[in-house]
Amino acid sequence: ASLDELMARVSVCSACPRLVAWREDVAVAKRASFADQPYWGRPIPGWGDPEPSLLVVGLAPAANGGNRTGRIFTGDPSADWLFASLHRTGWATQPTSEHAGDGQRLVDARMVATVRCAPPENKPTPAERDACAPWIAAELVLLPTVRVIVALGAFGWDGAIRSLVAAGAPAPARKPKFGHGVELVLGGVTVVGCYHPSPHNTYTRRLTAEMTDAVFERARALTH
Ligand code: SF4
């Protein structure tokens with residue numbers, strides 16, 4: 001399969017009844033401030049360069065962010081934070097990510113979600129995580145140029161490591177605990193942990209702009 005075929009297949013997946021209901025209910029009810037906008041309301045495919053050095057692995061689309069715009073990390077505060085840093089560090093052409101037609105481009109980078117449908121309260125169940133795992137593993141198989149994965153949050157960290165192993169990397173003898181800046185090399189790919197850029201972390205300054213930039217600068221160094 002090609003990346004395009006994979007994207008087409010995942011965008012109509014309906015394996016998780018709870019998430020199918022949620023993604024579609026949110027798309028019908030809509031947040032008041034977006035009442036005049038169409039909602040995507042389906043799984044979010046990977047997005048960005050088809051031959052990237054860097055892969056950013058997130059948790060799942062936000063109900064009124066990616067689930068609305070159809071593009072991962074677009075149209076919500078986490079997206080603004082992440083793209084400001086990606087732009088400062090040379091991985092994105094614009095400092096904001098507002099909607100799917102904003103002209104934003106990732107440079108030598110791609111993004112995927114571990115779970116591709118928006119979950120209630122941003123919390124997928126273990127069964128939903130496992131149901132979605134083959135999609136990210138299939139995408140990784142089609143991305144042999146990836147040298148670095150920046151894993152956002154503990155969920156992204158686990159998802160990145162599991163999917164690398166599912167895609168053929170040897171299982172790690174010991175899996176380090178997730179932390180900001182923690183690294184693990186698996187099958188020639190370095191996974192770098194980064195606190196998730198959600199308002200919960202950024203408003204409290206658990207994650208600062210400098211800390212975010214440091215991770216993406218480290219990713220840059222690892223790809224050279
Ligand atoms: Fe399919 Fe993944 Fe969405 Fe579940 S979360 S319905 S496996 S795309």
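User: Which residue in E6 is the bridge partner of valine 185?

Analyst: In this predicted model, local features need pLDDT of at least 70, side-chain atom pairs count only at pLDDT 80 or more, and totals for chains, interfaces and linings use all residues. Residues are numbered from 1 along each chain as its sequence is written. Four bridges join E5 to E6 (residues 189-194), and the two run antiparallel; strands are DSSP runs of E of at least two residues, helices runs of H or I of at least four, both numbered from the N terminus. In E6, valine 185 has as its bridge partner threonine 190.

User: Which residue in the hairpin of E5 and E6 takes a positive phi?

Analyst: Leucine 186 stands opposite valine 189 in E6. The hairpin has two residues between its strands, and a positive phi near 55° is taken by glycine 187.

User: Which are the edge strands?

Analyst: The open sheet of six strands has mixed pairing and the order E1-E3-E2-E4-E6-E5, where two strands pair if DSSP finds at least two bridges between them. Pairing on one side only marks the edge strands, E1 (47-48) and E5 (183-186).

User: At what angle does helix H8 run to E6?

Analyst: H8 (residues 209-222) lies across E2 (54-58), E4 (148-152) and E6. Axes are lines fitted to C-alpha atoms, for helices over the stretch in contact, with angles from 0 to 180 degrees between N-to-C directions; contact requires C-beta atoms, placed from the backbone, within 7 Å. The angle of H8 to E6 is about 175°.

User: Which helix gives the most to the shell around the ligand?

Analyst: H2 (17-29) and H5 (126-141) each supply at least two residues of this shell. With four residues, the helix that gives the most is H5.

Notes. Contact = placed C-beta atoms within 7 Å.
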